[in-house]
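User: Could you walk me through reading helix packing and sheet layout in a model? I'd like the general idea first and then the case at hand.

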Amino acid sequence: MGWVMMSERELNRVEVLAQVDDGQLSVDNAATMLDLTRRQIFRLLKRYRQDGAAAIRHKSRGRTPNNQIHLAKRDYVLTVIKEQYPDFGPTLAAEMLAEHHGFKVSRETLRKWMAEDGIWLSRKQRRQFHQPRLRRECFGELIQIDGSDHRWFEDRAGPCTLLVFIDDATSTLMELRFVKSESTFSYFETLESYLRQYGRPVAFYSDKHTVFRVAKEDAKAGAGMTQFGRALNQLNVEILCANSSQAKGRVERANRTLQDRLVKELRLAGISDMEAGNAYLQGFKERHNAKFAKAPAKPDNLHRALNVEPDRLDDVLCWRENRYVGKQLTFSYDRKRIMLEESDVTRGLVGKYVDTYAFVDGRFEVRSKGRSLPYKIFDMDQRVTHAAITDNKRLGAVLEHIKEMQDAAPPKYPVRTNSEKMGYKPNGRRQGRPSGARAKRDIAQTSLTL
């Protein structure tokens, strides 16, 4: 006799029935132990005595279930999925099969089929493992930069962003600055402070924020660079974008540490605004580096001298664009109409391009061949463009700016109709020609009056 496959429940029944058959256990106790009735115990005991322990197995074991889906249908479903829905998950694929092919199958059955056929991988199988990356060997070789939007002053002030520059080789906090949001100008301001203090590093390492990377590959303007990338290119500094947050884990972990330690220290110091916070950051940075900074693998400092005059650095760290000058010596810029003052120089610029410079401190200049041109603002409109595309990291600052504009804007009166403009006032009577009984009543009242 060969082996007999039995479940744990069936083995337990065989053991109890054997004790009843030997007289070691009563039928009532066996019924209690197996959670069955006396009648079921007698029926099982009869089968056990006639055919042995194998008779206790479930009769449907090894038989094809009545509700089993035919293999031809299973193959048809998998073929349809491979041809039309290869990247669909089980839930969406089941919906598409029922809607477009008239085949209803549960998502869990479909999940099992797809997993067996290798079309679908479980979440555990799809998990990506990020191998740890060794630190760079030299100080100043790679600087990781990121912005952390957080309630740094808790309930004492609104949320803001902390820009963090950290050295990859030593985990040294190079630059910290509170700003309203991650923007090109806020990074320009922080970068200027960094360059004046340390010099030019080999490369910066950032995420795929639009400040650092052009999102559209077919963008016509900018030569494939953002304004921040153009400035670094002029300074001969490389900018690299990480493919995942784990790749720049050094600055991500620093953000998490700062969101714990810095928030509590700002609370103890009673600081509730960005200006006082920025003044406090210098001392905090020195204490933090003394505690957490590491020694580099090599003692070399790869920072290079800036070798840029202050005025020249301002021209690099600014927003630069080209604008076409029309026949009226005007061009559009940032929802403003800029009109150049007429002179011998500007008359020759009609139909040509001029360079615009928007600086961090708010200054704006128009230049042609390096020469600054006088101008006037013809029509200034600081309103945020309707339905403007706003990055998620700048949403808080944009909403704050919108609220300030709405509070400063004059109240808008309701639009008046033409009748109201002409001074018409309703008298409460219905307009138009009276008809029927109402007309007869009005005529009779008129006759009596006469």
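Analyst: Happy to. For helix packing, start with the axes: each is a line fitted to the C-alpha atoms over the stretch in contact, and the angle between N-to-C directions runs from 0 to 180 degrees. Keep in mind that this is a predicted model. Here the axes of α4 and α6 (residues 107-117) come within 11 Å and cross at roughly 75 degrees.

User: How do I put a word to the angle between α4 and α6?

Analyst: Angles from 65 to 115 degrees count as roughly perpendicular. α4 is therefore roughly perpendicular to α6.

User: Which residues of α4 and α6 meet?

Analyst: On the α4 side they are Arg74, Val77, Leu78, Ile81 and Lys82, and their counterparts in α6 are Leu110, Trp113, Met114, Glu116 and Asp117. Sorted by class, this contact has six nonpolar and four charged residues, with no polar ones.

User: At what angle do α7 and α8 pack?

Analyst: Helix α7 (residues 184-198) packs against helix α8 (residues 227-234) at about 25 degrees, and their axes are 10 Å apart. An angle under 35 degrees counts as roughly parallel, so α7 and α8 are roughly parallel to each other. From α7, the contact uses Thr184, Tyr187, Phe188 and Leu191; α8 brings Gln227, Phe228, Arg230, Ala231 and Leu232. The class tally for α7 with α8 is six nonpolar, two polar and one charged.

User: Now the sheet. In what order do the strands come?

Analyst: A sheet is read from strand to strand, with two strands pairing if there are at least two bridges between them. Five strands make an open sheet here, ordered β3-β2-β1-β4-β5, with mixed pairing. Ignoring direction, neighbouring strands are turned by 20 degrees against each other on average.

User: How many bridges join β1 to β2?

Analyst: Eight bridges link β1 (residues 142-150) with β2 (residues 160-167), and the two strands run antiparallel. For one of the pairings, look at glutamine 144, whose bridge partner in β2 is isoleucine 166.

User: Which strands does α7 lie across?

Analyst: α7 lies across β1, β2, β3 and β4 (203-206), and runs at about 150 degrees to β3.

How values were computed. Residues are numbered from 1 along each chain as its sequence is written. This is a predicted model: local features need pLDDT of at least 70, side-chain atom pairs count only at pLDDT 80 or more; totals for chains, interfaces and linings use all residues. Side-chain values use heavy atoms; hydrogens and water are left out. Helices (H or I, at least four residues) and strands (E, at least two) are DSSP runs, numbered from the N terminus. Angles under 35 degrees count as roughly parallel, over 145 as roughly antiparallel, 65 to 115 as roughly perpendicular and the rest as oblique. Contact means heavy atoms within 4.5 Å. Ala, Val, Leu, Ile, Met, Phe, Trp, Tyr, Cys and Pro count as nonpolar, Asp, Glu, Lys and Arg as charged, and the others, Gly among them, as polar.
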